[in-house]
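Reader: I would like to learn how to read a structural model feature by feature. Could you take me through one, giving the general idea before the particular case?

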Amino acid sequence: MNVDLRKGKINKNIYGHFSEHLGRCIYEGYWVGEDSPIPNTRGIRNDVVEALKKINIPVLRWPGGCFADEYHWKDGVGPREKRARMVNTHWGGVVENNHFGTHEFLDLCEKLGAEPYICGNVGSGTVREMQEWIEYMTFDGESPMADWRRENGREEPWKLKYFGVGNENWGCGGNMRPEYYADLYRRYQTYVRNYGDNKIFKIACGPNAGDYNWMGVLMREAVNFMDGISVHYYTVPGDTWEEKGSATEFGTEEWFKTLKKALWMEELIKKHAVIMDRYDPEKRVAMIVDEWGTWYDVEPGTNPGFLYQQNTMRDALVAGITLNIFNRYCDRVQMANIAQTINVLQAVILTRGREMIVTPTYHVFEMYKVHQDAELLDFHLESEEYRMGEETIPAVNVSASRAGNGDINISLCNLRADGEAVVECILNSTEFLAGSIEGRVLTAEKINAHNSFEEPEGVRPENFTGAELQERGFSVKLPAASVVLLTLKRR
Ligand code: AHR
């Protein structure tokens with residue numbers, strides 16, 4: 001590791017989240033209403049806000065997802081009892097009462113200290129609707145929308161930085177071809193105005209996973225009209241959407257397969273970055289991985305449209321690997337949003353009525369928060385192989401950064417389901433002499449270990465003593481199936 005070679009700032013927004021009107025993410029997850037017996041502030045549950053604040057959520061994407069291209073924001077403002085009801089056709093066909101709308105979302109972001117990232121409706125919404133939403137939220141003067149906002153109780157405009165022009169418009173957001181969406185993007189974004197000193201960072205809908213054609217067309221046709229472009233990639237262990245695999249019932253083969261698929265994120269980023277470089281060699285446009293995470297079969301007996309799944313040590317490894325990859329490509333990846341914060345897909349929080357637990361993935365976000373806005377360091381890793389039958393993947397995955405206080409933080413994942421991994425690290429530096437090394441580890445006896453409402457603390461980080469300072473660096477023994485964070489302090 002070369003401590004003197006800084007490779008750019010790790011944008012804290014890489015540690016962002018995504019929360020959709022889907023299953024029990026918004027309703028019950030965040031929103032319980034002002035009259036709920038569950039302790040809340042203006043309808044938003046206190047326990048969840050408190051837990052999320054501990055992981056420093058920098059940015060929160062909302063209202064979808066597929067829901068965004070069916071969402072009509074005007075239905076979600078004004079007195080709650082008068083708000084229009086709709087059917088959430090994508091997600092379980094349940095009635096959406098619109099009690100959680102623009103004001104509630106922006107209130108939540110203020111509580112969390114997170115930047116809001118709102119996704120607008122291109123699939124079934126109008127240009128005017130999108131224009132008026134921006135005016136409603138950010139215009140300070142006298143105008144129909146700003147006046148309406150005031151009538152609805154908010155005098156000052158909000159600051160809104162991140163705005164997405166449509167979601168998955170190649171799929172649930174309208175089944176468009178890239179040429180058609182590129183033209184629509186250019187048109188819609190024209191009316192996403194900057195009012196006063198509010199400057200919007202416009203995000204175009206980018207490709208699904210390895211759709212390099214979509215990336216190429218969008219960059220070619222619309223690069224000058226965007227600040228960022230999204231990429232979506234989910235880790236699905238099964239070979240079909242019908243059989244994605246269980247979140248908790250799996251063996252080492254599924255473990256290996258899942259981690260191998262998670263590692264594919266690196267290839268995706270590299271290949272999309274090559275295309276982006278062609279049209280944007282200065283790297284002005286950000287790659288925004290605004291949906292990522294594991295996707296399994298729903299928990300038995302739950303609504304298939306609610307995407308509720310448990311979260312094990314396997315998810316912790318997927319999170320650890322993926323965040324390491326984002327850190328290492330921070331020259332292009334400026335934001336990422338795990339899907340989804342609460343009760344949906346790779347959640348960091350699960351709730352059951354008034355009960356709340358945090359998942360192994362939550363702990364990885366908590367451990368890795370030291371990388372937020374830190375300087376990426378050069379780390380050259382020669383890893384042993386982890387073999388399963390004919391296939392191999394690197395056994396160890398790593399990223400390292402230097403924090404503002406001078407500490408060096410190194411996050412290491414041992415992908416092996418069984419068997420420790422030894423890492424010998426040489427520290428090259430003309431000015432940093434390590435005086436101490438300390439660490440934390442997240443691991444468990446079983447690879448499918450998880451937290452439950454009955455045993456909420458089954459998986460949680462512990463102090464780690466398996467690292468040792470040496471003459472020229474350090475050596476560390478990573479337990480099987482573990483995520484380790486080491487901190488080196490200067491002598
Ligand atoms: O996160 C669940 C869904 O996955 C989102 O709504 C959609 O954008 C993606 O296909």
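Predicted model: local features only at pLDDT ≥ 70, side-chain atom pairs only at ≥ 80, totals over all residues.

Reader: How many disulfides does the structure hold, and which cysteines form a disulfide?

Author: In general, a disulfide is a covalent bond between the sulfur atoms of two cysteines. Here the structure holds one, formed by C66 and C172, whose sulfur atoms are 2.2 Å apart. The two cysteines lie 106 residues apart and link distant parts of the chain, with C66 in the loop between β5 and β6 and C172 in the loop between β9 and α5.

Reader: Is this disulfide left-handed or right-handed, and why?

Author: The torsion about the S-S bond of C66 and C172 is about -90°, so the disulfide is left-handed.

Reader: Which residues are closest to the ligand?

Author: Of the 13 residues that surround the ligand, the closest are E20, C66, E168, Y234 and E291. The protein covers 93% of the 290 Å² of accessible area that the ligand has on its own.

Reader: Which residues touch the most other members of the largest nonpolar core?

Author: In soluble globular proteins, nonpolar side chains tend to be buried together. In this model the largest nonpolar core has 154 residues, and those touching the most other members include F163, W292 and F326. Helix α7, residues 252–279, gives the most to this core, with 11 residues.

Terms used. Residues numbered from 1 in each chain as written. Heavy atoms only, no water. Near = heavy atom within 4 Å. Areas by Shrake-Rupley, 256 points an atom, 1.4 Å probe, with all protein chains shown as cover. Core = buried A, V, L, I, M, F, W, Y, C linked by side-chain atoms within 4.5 Å. Buried < 20%, exposed > 50% of the residue type's maximum accessible area, 1.4 Å probe, protein only. Helix = DSSP H or I, 4+ residues; strand = E, 2+ residues; numbered from the N terminus. Disulfide = S-S within 2.5 Å.
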